[in-house]
Number of protein chains: 2
Amino acid sequence: MSLTIKLRITPSISHLYPNPKTQKNPTFSRIPIYLSNKLTTPLVFRTKRMASHVIKSSLIEPDGGVLVDLIVPETQRGLKALEAEGMAKVRLTKIDLEWVHVISEGWASPLKGFMREDEYLQSLHFNSLRMENDGSVVNMSLPIVLAIDDETKERIGGANDVALVGPDLSIVAILRSIEIYKHNKEERIARTWGTTAPGLPYVEEVITPAGNWLIGGDLEVLSPIKYNDGLDSYRLSPKQLREEFDCRQADAVFAFQLRNPVHNGHALLMNDTRKRLLDLGYKNPILLLHPLGGYTNADDVPLDVRMEQHSKVLEDGVLDPETTIVSIFPSPMHYAGPTEVQWHAKARINAGANFYIVGRDPAGMGHPTEKRDLYDPDHGKKVLSMAPGLEKLNILPFRVAAYDTVAKEMAFFDPSHAKDFLFISGTKMRTFARTGESPPNGFMCPGGWDVLVKYYAGLQAEEAAPAVVSA
Amino acid sequence: MSLTIKLRITPSISHLYPNPKTQKNPTFSRIPIYLSNKLTTPLVFRTKRMASHVIKSSLIEPDGGVLVDLIVPETQRGLKALEAEGMAKVRLTKIDLEWVHVISEGWASPLKGFMREDEYLQSLHFNSLRMENDGSVVNMSLPIVLAIDDETKERIGGANDVALVGPDLSIVAILRSIEIYKHNKEERIARTWGTTAPGLPYVEEVITPAGNWLIGGDLEVLSPIKYNDGLDSYRLSPKQLREEFDCRQADAVFAFQLRNPVHNGHALLMNDTRKRLLDLGYKNPILLLHPLGGYTNADDVPLDVRMEQHSKVLEDGVLDPETTIVSIFPSPMHYAGPTEVQWHAKARINAGANFYIVGRDPAGMGHPTEKRDLYDPDHGKKVLSMAPGLEKLNILPFRVAAYDTVAKEMAFFDPSHAKDFLFISGTKMRTFARTGESPPNGFMCPGGWDVLVKYYAGLQAEEAAPAVVSA
């Protein structure tokens, strides 16, 4: 049991770290062993070496034309920190801090801080923002906002700037030229999720307990956000990812957003996508396998386990480390279907991806109070393909893969022999892993499957433990 | 009491009809006496005379560049009606028919029928539609959809076209190349109103009782929609309005959407707007006083009474008939605040208005279950000013007028002597009218006020009647 707890909180992932013996070409190396098969030295040194490089944006421009970077230069940190000490303080939750991370690295470019009311209203009503300089439109489907309570609002009074304080009480950032406006939670929820039914994970975790005011402003982040969970080196910023794509001389980058373990059906899709891009004449399409790393529902497999599983998928050769980059997308998850999938795609534009694979029912979930999907499974794809500001992104619709019981492998579903196909849902997969039962041979690479089995075994031991103790 | 009933159902508005004696310039005349002071012959003849004219769109282009007109030419009506006889039938409610009217005359240009799913999703998520031909964006904030039930869907089967049948069982229109898709009422309501609380008038009246499917397609309307309520001649189409603006040689058209009686504060605002437009160098700004004529909440003053009241306002000289056109906007009312105000503005672009006066809390109402406004009163103006597809429209913010107890007239509120101002809300105004108490002198022209007093007196008599009968 203690192993499981350790795995979940400070994961044992030493096997993910660099192994100099497998190194082939240090110039191209950014990603730790098994995720890229190439990294030799900690990422931070390399980033320094790259700092003076101009970021090429040959594949796709970041939204607004310039990648936002809100990290205060090291030379100014002392002075800014001192200044922040004298400001009214706003306490951040763990999830607020994830958003600070997201904004600071430019995932939400051109957004330069938490939304002021004009941006909030545009996001809520139009899923997009109009740029003031040239009237062009960028996608912005989720309100990226910071809530404060009445007491904090009172304490801020008429101040122009406030200091943002992390859950560990350290000053994380300054928010400049602030604007405080009403947090109409009901309207925010209704327009973001298309329902106000109780039981939406992000609503219950984040919005309901939050204050009745929103505070917007320009963000200055005192130093890069780190989690010290052993996974920070996998959290490549959009800037670092663009550098990596340039280093690899990618002429197409296709992003795959996920928050689940990778099975062979996913791999089939990703490998097939690469093949199709090669057929289209691209010479070196690179896959950005981009697991979401911020807040997820407790039912989802935790990030560290997923990263370990992804590592095994590359180690087992199911995906090719030469043409795959695995990195963590730091955003929290809303489970807001067609509204959220736009955010998932838009953020990847900022990281340099010009192709985006959209799944069936992306960011969807069951309706919290009714026996049906919350969203029509096709709406995510449809909405994404029509979304304002995403015209420059190539949307690749997901092809459904299932287990072909005759060929004994995952294959694209073929309705002409439908009866041969077995659909293994996420729930079924978790049941297999929980009960220790093996899925059909060929469903997932053995190394990846073992990671899941161990995780669920640990979880069950942990769940059983209190009863044992109290007995 | 019988008089009151008559007033409400088949209103006695003969005094609104043309009076040749007051006619000044027949060339310019489109609007009946007291509303324009100019009309001599029924509108239908004049429209015929104008039919061959090219519509000038010098002030502002209709959305999509061409004003949609879906009325079948007279020469084809017989054949189309015959064809429609053989099609599966879809029954329209009274409010569906109002939407057929709206779409058929091009108020919703470039929409050519009830929305198919692609249009519905864009409306719901982006409040706008992207044009397929050139990628430009037009505003479209309300889903304009037709619901059908399971039985009707089954009856339609795999047909390509259906006939739409009015509440009086006559065939009204054909819907071509239909698409049937799910009517997710909860999501539609949440994204349109920003709440799913019970008690929203349009939801209870229209959406909740509607079927679980939506049917979209291209509309062909067999003949112009008429209501035979004595007010049809006031229902000028966007084409007729554009002709009228051209005839009057308007170089600016400012629209005022309303669903309430006009008091002197409104008049002050409208007259002041004209003055400001003159100051800007316009030579002949024309006011489009444009009461909403479709479905309204039972608490609102009925259309016929409002039209009578508006007539008095022109008769009493509060507004100048020379520079004012009063016409009925046939749309039903959603009471959907910032979402709906976009529709109200967009439809007026199609009618040729290039200025739009936006009120405080436009299309707003009290929250149906909480003691607060449903919308922030400023959001309508803000959302409208940022709405995609409305960039070409000049938005004129409403200046708040109140009763100046010193000057004894309606005046723009001046915070420097706030204590002199008396705010007379709609509720207060209705209470005055109901109790027969006079509002402060100068609040509303006497002729207009009398219309309201009579209406409420009749209403009370009617409400009291059953008790008397049963006694």
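**Ground rules.** I am working with a predicted model, in which local features need pLDDT of at least 70, side-chain atom pairs count only at pLDDT 80 or more, and totals for chains, interfaces and linings use all residues. Residues are numbered from 1 along each chain as its sequence is written, chains are lettered from A and ligands numbered from 1 in the order in which they are written, and side-chain values use heavy atoms, with hydrogens and water left out.

**Symmetry.** I laid chain A on chain B. A turn of 180 degrees with a shift of 0.0 Å along the axis gives an RMSD of 0.0 Å (least squares on the C-alpha atoms of residues with pLDDT of at least 70 in both copies). That is how a two-fold axis relates two copies. Both copies use the same surface: 100% of the contact residues of chain A recur in chain B.

**Interface.** I looked up contacts, meaning heavy atoms within 4.5 Å. On chain A, 37 residues are in contact with 37 residues of chain B. Next I checked the area. The two chains, A and B, bury about 3,000 Å² between them, with 46% of it on carbon and sulfur atoms (accessible area, 1.4 Å probe, lost on being put together, summed over both parts). Three residues, A:Phe126, A:Arg191 and A:Met386, supply 23% of the area that chain A buries against chain B, more than any other three.

I found six salt bridges between chain A and chain B (a side-chain nitrogen of Lys or Arg within 4 Å of a carboxyl oxygen of Asp or Glu). One salt bridge joins the side chains of B:Arg130 and A:Glu391, at 2.9 Å from N to O. On the side of chain A that touches chain B, the elements giving two or more residues are α5 (117-126), α7 (185-193), α12 and α13 (379-386). Helices here are DSSP runs of H or I, at least four residues, numbered from the N terminus.

**Helix α12.** I then followed α12 of chain A, residues 337-350. At 1.5 Å a residue its 14 residues should span 20 Å, and its end C-alpha atoms are 20 Å apart, so the two agree. The expected span is 1.5 Å times one less than the number of residues. In α12(A), 14 of 14 residues are buried (under 20% relative accessible area, 1.4 Å probe, protein chains only). Just after α12(A), A:Gly352 takes a positive phi of about 100 degrees.

**A:His344.** This residue lies in helix α12 of chain A. A:His344 counts as buried because its relative accessibility is 2%. Leaving out residues up to four places away in sequence, A:His344 touches A:Gln257, A:Leu292, A:Phe329, A:Met333, A:Tyr356 and A:Ala363.

How values were computed:
Buried < 20%, exposed > 50% of the residue type's maximum accessible area, 1.4 Å probe, protein only.
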